[in-house]
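Open the model in your viewer and keep the selection tool at hand. The stops below are meant to be followed in order.

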Amino acid sequence: TSTMAQTTKKFVPNYDESKIPPYDLPAALQTENGDRVQTAEQWNDRRAETLRLFEEHVFGIMPGQRNIKVKVVRSDRDYRPGVTRHELDVSILPLDSSTDRSPLVVQVLADVPQSDDPVPAILGLNFQGNHTIDEDPKTRIPTSWVRDRRNGTTDGSKAIEAGRGVASTRWPSKMITDRGYAMLTVYYGDIDPDFDDGFENGVHGLMREFIASLPENHRPGSIAGWAYGLSCVLDAIEQTEALNVDATRVGVLGHSRLGKTSLWAGATDPRFAMVISNDSGCGGAALCRRAIGETVARINTSFPHWFNDAYLQYNENESALPIDQHQLIALSAPRAIAVGSATQDEWADPKGEFLAWQTAAPVYQLLGMSSEDVKVVEEASMPNEQSVINAGPMQYHLREGKHDLADYDWECYLDLADRTLQTESR
Ligand code: GTR
């Protein structure tokens, strides 16, 4: 037995509300030097400051620059009646001129309802490969790193045929296209592998000089890498007329670690017109200071590579954080934001996700959310299961059930999209 095993104390999650340490949340509308933010213009500066705080203390810094090339490798007209299925290769080019690395090829699958005008879309990363979203025998299987889930869908390190369709309940393409939206998905491991590889592979490997130039504490973790990849995919949508997707009406969606990622993508890339956090929990929509379920210390132990090294200072020390997660949500303002939780997902702290969502309202108010909608958010209490709180661009729902992305979640997200992404609503 190792000394590590003997000295590491076992993490026992707290689920008792009465044991939450007293806390004060940082005010989203007050700058680091104590000035109150009272105008949209002042928010621009506070927004930049807030973004920097998340970069420096939580996720790490990525370059502003991106270079991509797109190739359409497949277009199946009438994959389903009225729906075209495309597959694209998005090549992300290395940023460092001195590198000998080849571009990183990210595969995109897009189901697009046929229409005279470009359609709105939801873009989301998936966990196991584009071929897992349904049984389509033509969809390419990723050749990049995959986790060995010991469920027969990999041969240990590579995805295999047996995985086809295993994630279909999470990707109800027909429901989405029937409602007039394109569904785009990308395997997250194509963008960056989900383990600590010392910035060797994936997008990090394309910018090693940039990363080396940063203070060690501020180097970007995997979430920052995946979010960067989502921006590259949005670049590709903009550049690919044949897709017929309206890049100004794309919602970014993610579940769990990929929900943390969609929030960060929405924060760093204001082109995303709608931001969707499904069961994102610690490091995502849930307030850190509540320390219920998964905590900063716990996530930094299991998944230190998701964040930067500065985040380690907040292990069992959440109150020292200069931000909390309501401010991550506020970085999406004034765009549409949906936060979804599930009743049995206590590890992700549904109540903490609700409270963070609620506490982001003053920023939405400052940026023009109607006073009725502000009132709806401010007066809301945690909803019952299978119900939704709608307040203009802000939506929260609680699904009955476990940590998952289910039809009910999608219905809620598409309802918000109907209210905010359709041309008549803009
Ligand atoms: C868990 C992790 C969560 C969440 C989840 C997931 O093990 O503790 O923060 O991200 O993984 O991504 O499925």
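**Stop 1: the ligand shell**

The shell around the ligand divides into five nonpolar, two polar and three charged residues (nonpolar: Ala, Val, Leu, Ile, Met, Phe, Trp, Tyr, Cys and Pro; charged: Asp, Glu, Lys and Arg; polar: the others, Gly among them). Select Phe127, Ser256, Arg257, Lys260, Glu294, Ile299, Phe303, Trp306, Trp347 and His403 to display the residues that surround the ligand. A residue is near a molecule if one of its heavy atoms lies within 4 Å of it.

This is a predicted model, in which local features need pLDDT of at least 70 and side-chain atom pairs count only at pLDDT 80 or more, while totals for chains, interfaces and linings use all residues. Residues are numbered from 1 along each chain as its sequence is written, and side-chain values use heavy atoms, with hydrogens and water left out.

Next, show distances from the ligand's oxygen atoms. Arginine 257 has a polar side-chain atom 2.5 Å from an oxygen atom of the ligand. For serine 256 the corresponding distance from a polar side-chain atom to a ligand oxygen is 2.7 Å, and for tryptophan 347 it is 2.9 Å. The ligand taken alone exposes 320 Å², of which the protein buries 80% (accessible areas by the Shrake-Rupley method with a 1.4 Å probe; for residues, only the protein chains shown count as cover).

**Stop 2: confidence**

Colour the chain by pLDDT, the predictor's confidence in each residue, from 0 to 100. The chain average is 96, and 97% of the residues score at least 70. Select residues 1-7: here the pLDDT is below 50, and beyond near neighbours in sequence this stretch has one contact in the model (contact: heavy atoms within 4.5 Å). The model scores are ipTM 0.96 and pTM 0.97.

**Stop 3**

Which two residues does a cis peptide bond join? Select alanine 333 and proline 334, where omega is about 0°. Proline 334 sits in the loop between α9 (325-330) and β8 (336-342) (helices are DSSP runs of H or I, at least four residues, and strands are runs of E, at least two, numbered from the N terminus).

Then select leucine 367, in the loop between α11 (361-366) and α12 (371-379). Neighbours within four places in sequence aside, leucine 367 is in contact with Ala40, Trp43, Ala333 and Pro334. At 24% relative accessibility, leucine 367 counts as partly exposed (buried means under 20% relative accessible area, exposed over 50%, partly exposed in between, with a 1.4 Å probe and protein chains only).

**Stop 4: two positive phi angles**

Arginine 150 is a residue other than glycine with a positive phi, near 55°. Look for arginine 150 in the loop between β4 (119-126) and α3 (173-178). Is arginine 150 buried or exposed? Its relative accessibility is 74%, so arginine 150 counts as exposed.

Aspartate 349 also has a positive phi, near 55°. Aspartate 349 lies in the loop between β8 and α10 (350-359). At 4% relative accessibility, aspartate 349 counts as buried.

**Stop 5: aspartate 76**

Finish in strand β1 (residues 68-80), where aspartate 76 is placed. Aspartate 76 is buried because its relative accessible area is 18%. Show its side chain together with that of lysine 138: a polar contact of 2.8 Å joins them (a pair of N or O atoms within 3.5 Å; within protein, one must be able to donate a hydrogen and the other to accept it, and residues adjacent in sequence count only if both atoms are side-chain atoms). Apart from neighbours within four places in sequence, aspartate 76 is in contact with Val83, Thr84, Arg85 and Lys138.
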